[in-house]
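I want to see which of them pair up and where the partners sit.

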Amino acid sequence: MIPQTLARAKSKTSKYHPRRRSLLLFVLLFFMLFIGCFQMYIFHSQKMPNYRRDHHMTVEKDGGKSILNLQRTNDRKFDTQSKITQHTDVIVYLAQFGKYHTSYGFQQNANQESITGLSKLNKSLELLYTNYVESFPSCDILIFFDSDHGPDNETMVQLRRDRPQLQFRELNGKWWELPHGLNAIDRFQWNRPAFSVGYRHMIRWFAILIWKYLADEGYSHVMRMDDDSYLHSKINYNIFDYMRNNYKRYGFRMPVLEEAVGVGYDVIIDEFLNVNPNATSQELIESYMKERYVGFYNNWFIADISFFLTPTGFAAARPY
């Protein structure tokens, strides 16, 4: 009786099982596919950097060999050595590393000795760390470069040694190109054609593009250094905190009288002051009206980034 009962049960259910089994198999495969995709998503989001066009590079040492690593610009906590605390203050350089500078040609020091971009940058960094960063390390240091004049691996290893805040960033794409409608081949028809396209990129970067780049990185204040900016004496206070605590927007090295400011410079400043009469004191505005061609010598500056993202700050830089 038992075998016959089982045979009838098997015969009865086998009439319906193929469809049910197919449906069950489909559901099972779909579930497995969903779990697999979800695990891949988790893995890539946590372990694999989302490399973007505007990535940056760092170099670490591994068994005496230089290893080049790509890192995300939108996650500065990611580091191949260790995770570092995100800082809101940053010191920036825009550097060239060779013997020949694209704007100034072969360079010499005061003793007429040949120097390179790397030697100048290294001296600047040594003085910066000795006279400021070692006392106030809660800032990042970004060394920007364009794709045609970047450092090699050995140079990056050398500069990063004992400097955990230091990172390298390549400028390309929208950060290092002419505005829409301009072509490099036409530069000799522009005003002051002696200035190279790279020099114009540099001006545009520091005047208008850098603010959004750094704000997107989470920074609030920036200090610009040239590769030949040298801090020869100790700074005994946190200069970024000074800016914040005293509600300062911008600091620069000195005002300078220059006849080579370009046609229309005074008109631009006058228009800005007419629209923004409270941008500075009335005394300074009157002084400027008397001494035309007064400009900012700002190869070194410190700034509140948020100001240059406001309509007032953006208007001041709009000619560039």
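Predicted model: local features only at pLDDT ≥ 70, side-chain atom pairs only at ≥ 80, totals over all residues.

**Salt bridges, looked up one by one**

I started with D304 and R249, whose side chains form a salt bridge at 2.8 Å, N to O. D304 belongs to strand β11 (residues 294-304) and R249 to the loop between α6 and β10, so this pair ties together parts 55 residues apart in sequence.

Buried or exposed, what is D304? D304 comes out at 11% relative accessibility, so I put it down as buried, the cut-off being under 20%. R249 has 43%, so I logged it as partly exposed.

Next I looked up R244. Its side chain meets that of D89 in a salt bridge, 2.8 Å from N to O. R244 is in helix α6 (residues 239-245) and D89 in strand β3 (residues 89-94), so the contact ties together parts that are 155 residues apart in sequence. I checked accessibility here too: D89 has 3% and therefore counts as buried, while R244, with 29%, counts as partly exposed.

Which other partner does R244 have? I found D241, again a salt bridge with 2.8 Å between N and O. Both D241 and R244 lie in helix α6, three residues apart, or about one turn of the helix. D241 is at 31% relative accessibility, so it goes down as partly exposed.

Putting those entries together, I have D89, D241 and R244 linked in a network of salt bridges.

Last entry: how many salt bridges does a search of the whole structure find? I got seven, and the pairs written up above are among them.

Conventions
Residues numbered from 1 in each chain as written. Heavy atoms only, no water. Salt bridge = Lys/Arg side-chain N within 4 Å of Asp/Glu carboxyl O. Helix = DSSP H or I, 4+ residues; strand = E, 2+ residues; numbered from the N terminus. Buried < 20%, exposed > 50% of the residue type's maximum accessible area, 1.4 Å probe, protein only.
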